[in-house]
Amino acid sequence: MARITAEEKEQKKQMMDELIFQIFITEGWEAITYDRLAKELNVRKSSIQSYYSKNIMFATALQGRVFPIVIEKLDFNSKDAFINSWLAAYHDEESHIFKEVVKMLLHNIIKNGTSPYSKGAILRLQNMLGQNIGPHDADRAIKIVLGETLYSQMSI
């Protein structure tokens, strides 16, 4: 079997990244699986696993692409404005992307402990908020929205 060049490997990775992004945008995080990708790309699961050793690595395909979508939904002017905008975006029935991003972050944090990708996204958001309202209030606001989000996932 012939080995692929570094350029071909990068092209395949970009193709997989694009498929992961499209599935995420249209169907959400839970729809992204090795089986689904293998079927749609007509390759073996092991081929996909050579690019994404763990399913948490699918998040690398979303880096730099979903954060701007999340940020545009948030109000960084005050702690209360941030919390209210987060909760409004999370419960917005017209746009599921914010909710999917948050679900992915929480899933990855809970499933794997704080994954570096999820932790990095949360810390980046916290730092952005902290520039406007100070680090203490930013820390409190992030804890509140994560707690509220987890609580809203419970069927009560």
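## Basis and confidence

Residues are numbered from 1 along each chain as its sequence is written, and side-chain values use heavy atoms, with hydrogens and water left out. Because the model is predicted, local features need pLDDT of at least 70 and side-chain atom pairs count only at pLDDT 80 or more, while totals for chains, interfaces and linings use all residues.

The average pLDDT (the predictor's confidence in each residue, from 0 to 100) of the chain is 89, and 95% of the residues score at least 70. Confidence is highest in H5, at a mean of 96, and lowest in H6, at 82.

## Overall fold

The chain has eight helices and zero strands; these elements are DSSP runs numbered from the N terminus (helices H or I, at least four residues; strands E, at least two). The order from the N terminus on is α-α-α-α-α-α-α-α. The C-alpha trace spans about 60 × 35 × 30 Å along its principal axes.

Of the 156 residues, 38% are buried, where buried means under 20% relative accessible area, exposed over 50%, and partly exposed in between (1.4 Å probe, protein chains only). Contact means heavy atoms within 4.5 Å. Among contacts between residues at least 6 apart in sequence, 63% join residues at least 24 apart.

## Nonpolar core

A nonpolar core is a set of buried Ala, Val, Leu, Ile, Met, Phe, Trp, Tyr and Cys residues joined through side-chain atoms within 4.5 Å. The largest one has 45 residues, and Leu 37, Ile 48, Phe 58 and Phe 82 have the most contacts inside it. At least two residues of this core come from each of helix H1 (6-27), helix H2 (34-41), H4, helix H5 (79-90), H6, H7 and helix H8 (135-153). H6 supplies the largest share, seven residues.

Leaving aside neighbours within four places in sequence, Leu 37 is in contact with Leu 19, Ile 20, Ile 23, Ile 32, Asn 42, Ile 48 and Phe 58.

## Residues of the H3-H4 loop

Tyr 52 is found in the loop between H3 and H4. Tyr 52 counts as buried because its relative accessible area is 0%. Beyond four places in sequence, the contacts of Tyr 52 include Lys 13, Met 16, Ile 20, Tyr 34 and Phe 58. Lys 13 lies 39 residues from Tyr 52 in sequence and 9.4 Å from Tyr 52 in space, C-alpha to C-alpha.

Ile 56 is also placed in the loop between helix H3 (45-49) and H4. Its relative accessibility is 8%, so Ile 56 counts as buried. Ile 56 and Asp 92 are 36 residues apart in sequence, with 26 Å between their C-alpha atoms.

Gln 126 has its place in helix H7 (residues 116-133). Gln 126 counts as buried because its relative accessible area is 17%. Outside four places in sequence, Gln 126 is in contact with Ala 138, Asp 139 and Ile 142.
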